[in-house]
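Let's look at one model together, question by question. Grab a pencil and have a go before reading each reply.

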Amino acid sequence: MKTLTIAGWILITGCCLGVAAAHPVEQPKEATEITKRLHEEAYSRLPDDASLPGTQDLENAQRGMYEDIPVPFITNRDGTKIIWDLSKYDFLTDLYKEAPFTVHPSLWRQSQLVMQGGLFKLRDRLYQVRNLDIGNMTIIEGNTGLIIIDPLTLEETARAALELYYEGVGQRKPVVAVIYSHSHTDHYGGVRGVMPTDPSAQSKVRIIAPEGFLEAAVTENVLAGNAMHRRATYMYGNTLPPSEKGHVGAGLGLLPPTGGTVTLIAPTEIVVRKEGAPHGGSATRPREISENAAENIDGLTFYFYLAPNTEAPAEMHWYTAELRALSAAENCNKTLHNVYTLRGAKTRDALAWSKALDETLRLWGDKSDIMYGMHHWPVFTNAEVKASLIAARNGYRFIHDQTLRLANSGLNKEEIAARLVFPPEIENIWELHGYYGSLSHNARGVYTFYFGWFDGNPVNLNPLPMAERARRHLDWMGGPGTVLKNAEIAWQRGEYRWLIEVMNYIIVAAAHDENIRKNFDSKARSISADAMEQLGYQAENATWRNFYLTGAQELRLGKAIPAQANDPSWDTLLAMPTEMLLDYMGVRLEAERAYGKTIGLNILLRRDGKQETHHVLLQSSVLNNRAEHLRNADVTLEIDARTLAALITGMISYSQACGAERPPGQQISCAVVSGSPAKAEELFSLLAPPFQPNFPIVAPDKKD
C-alpha cells in the first residue's frame, strides 16, 4: 500500500484532521481556463476515448456483485466514531457523469471504478469484499470453513466485511485459516475482526505469511514513523473533504479507514524459500511451508511463491489449483504502483519486482482462469491474466532499465524524471497509468535506489539551508514585492509549478523575517495555494492530487490538528523485538542535552512469561544497547514489556511508570533492583517529548 502503516510509536495509522485557522480562510477555487484546456486535451491521449468508464474494466469491476447488499456504515467498537461512510462519495456513483474540470478525466474514471464496492462472487468458492477499506478482503470457501486472505486495516472493517459475506451467502462457516499476502498494515491489521471469539477455537486457526513477515510488519515505519505518518496525511488526503474539488480517492482504493483498532496475530506458519532459514520475530518457531510445494489448506491445494523486496519487504504470490485462481498480491494492480512511495519508505527494487511477476507468469500464467488482487477488481480470463502480468512486468522493467540507461548517459534524477515516457504500447494500457505511483517519481526512486540523494554535481553537494537560500533568492529577484508582481504574470500564463517554487521562498523567509511576514506572507500563501490547487486538479495521479490539495489546505487554513486516531495497537507494540524498542529510545534522545553524560542502565525485562536481559549505555550523546548484562551499570530496572513500550514511546513518563507519580495502588510493573534511581530518571528525562504528529510541511511556523 501504501496505506497508513504503523506510524510514530505504532499507535496511529491515520487520522481525520481538523484545522486551526491561522490566516484568512479561502475556499477552493474553480478550474482555470488553462486547467480546463489541459483536461480537454487529456481525453485525446487516453487509451479509450469513448464514454468513460465504459470499458472492460467496468464490466470486471461489477462482475459478481451482490447488488442487493449495500456497503454498511462502520463505527468503532463503542459506536462513538464513524470509521467508514461511503455516502460522502455519492458524487462518484453516476457512471454517466463526465469528469468535472477539477478532476483529471482519467483519475475520475479510476475513482468511479473504485466505487464499485460491496460483496462479489468471483466464482464458486471464491468471494471478495471491496471498498469497506482501502484494500480487499478475499474469502475462499474450504471444505469445512473459510480461508480469509488479507483481513483489511482495522478490526472493525474486517468484522463488517465478514458479516457482509455471511449476509450474502446465508450461512456462517467458521474461519479456519488466514493468509497475509504481505507486511503492510492494510493487509493484516483487522485480523482479530475475523477470528473466533473462543480462545481455544482461535488457537486452531492457521495463520500463514511470507518469510520475514513479522519482522517487516513491526519494523517498517517505526524509527521514522512520525514523519512518515505526517506525510501520509498528505498522500492519502485525510484532511480533504470528499468533493469534486477535494478528495476523490487514493488511486489504489478510496482511502485508509481511521479511528479504529489495528491488530496483529503472529503467523503460525511461514512460507520459506529454504527450510530452516531464519525468519525472526517470534518466540515460538512457526511451522515452515516450502515455496512452490503443494500445501493443503482445508481441502484446497495452494502453491506459494516468495517475492521479497518488491511492493513490500515480505510479500508472496500464490495459486489455488482447484480454482485455477492466481494472486500476485499487491505487485499487479489496476494502477502503476510505487517504487518509491511519497509518504516515505525505503525504496523498492523495481528489477526484483519485474522478475517476480515474470516468474509468476512462468509458473502459473497458462494455468490461471482468474487473477484477483489485494486492491481493485479481478480479471476473469486466461488471456487477461497473462496480459496483466506481462504489462506490469514490462512496466517496472522499463522504469528500471531506462532510468539506469539515462543515468549512465549522464542525466540526473530530475532530468530523467522530466524526460522518461512510456512507449505507446505501455502508455495505452489503463492499468499502467499512474493513479497511485507515477513514472516520474518512480524514476527518481530507481535513481536513488542505486545512487542515493547526490547527483554528482558539486553545486548540490552542500547547498545553503532553505531559509538562507530563500532570503538570497528574494534579494537577487528584487525583493518580495517584485516577486509578487511577477507572480501575477506567471499566473496568467499557467506557470503553476514555477509559482509554487518561487512563492515558497517568500513563505520560508517570512518565518524568519518579521517584515516579510507582515507585508508579503499572506499574499504569497494565497497565490501558492491557488497554484497548488490547479496542479491538483490537473493531476492524473491521486496521491499527487492529494499532496497538492492538502498543501493548499494547509496554506489557507493553517496547521492541521489531529482530531481522530486509531486505537493503540498493543498487538504490534508487544510484537516488536526489544532491541527495536531500545533503538527507538535512541531516536528520541536529545543529544545536545546529553553532552558529557555517561549512564549505564540494565533492564531485566519480563516478557511472555520469560525474563530477558538488556542494557542501554549513554555515551558521547549516543544510546547503544545490547542483549546482555552491563557490568558496573549505574542502575538496574526490573520492568514488564508493556510498561517499557509505553515508557520508551513516550505514552508515560519515568516518574509515572517507576517513580513518585505512579498512581496509588498500581500493580508494580517497574522497580529499581539496584543502583541509583536518580540515574534512571535522569536518563529518561533526556528523551524528547513525543513527536508532534502535525508538524508543518508547506506552512512553516514562525522561527525564533
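**Salt bridges and a helix pair**

The count comes to 39 salt bridges, each being a side-chain nitrogen of Lys or Arg within 4 Å of a carboxyl oxygen of Asp or Glu. This is a predicted model, where local features need pLDDT of at least 70, side-chain atom pairs count only at pLDDT 80 or more, and totals for chains, interfaces and linings use all residues. Residues are numbered from 1 along each chain as its sequence is written, and side-chain values use heavy atoms, leaving out hydrogens and water.

Student: Is Glu155 buried or exposed?

Tutor: Buried means under 20% relative accessible area, exposed over 50%, and partly exposed in between (1.4 Å probe, protein chains only). Glu155 has a relative accessible area of 7%, so Glu155 is buried.

Student: How many residues apart in sequence are the parts tied together by Glu155 and Arg77?

Tutor: Their side chains meet in a salt bridge, 2.7 Å from N to O. Glu155 lies in helix 4 and Arg77 in the loop between strand 2 and strand 3, so the pair ties together parts whose separation is 78 residues. Helices (H or I, at least four residues) and strands (E, at least two) are DSSP runs, numbered from the N terminus.

Student: At what angle do helix 9 and helix 12 pack?

Tutor: Two packed helices are described by the angle between their axes and the distance between the axes. Axes are lines fitted to C-alpha atoms, for helices over the stretch in contact (heavy atoms within 4.5 Å), and angles run from 0 to 180 degrees between N-to-C directions. For helix 9 and helix 12, the axes are 9 Å apart and the angle is about 65°.
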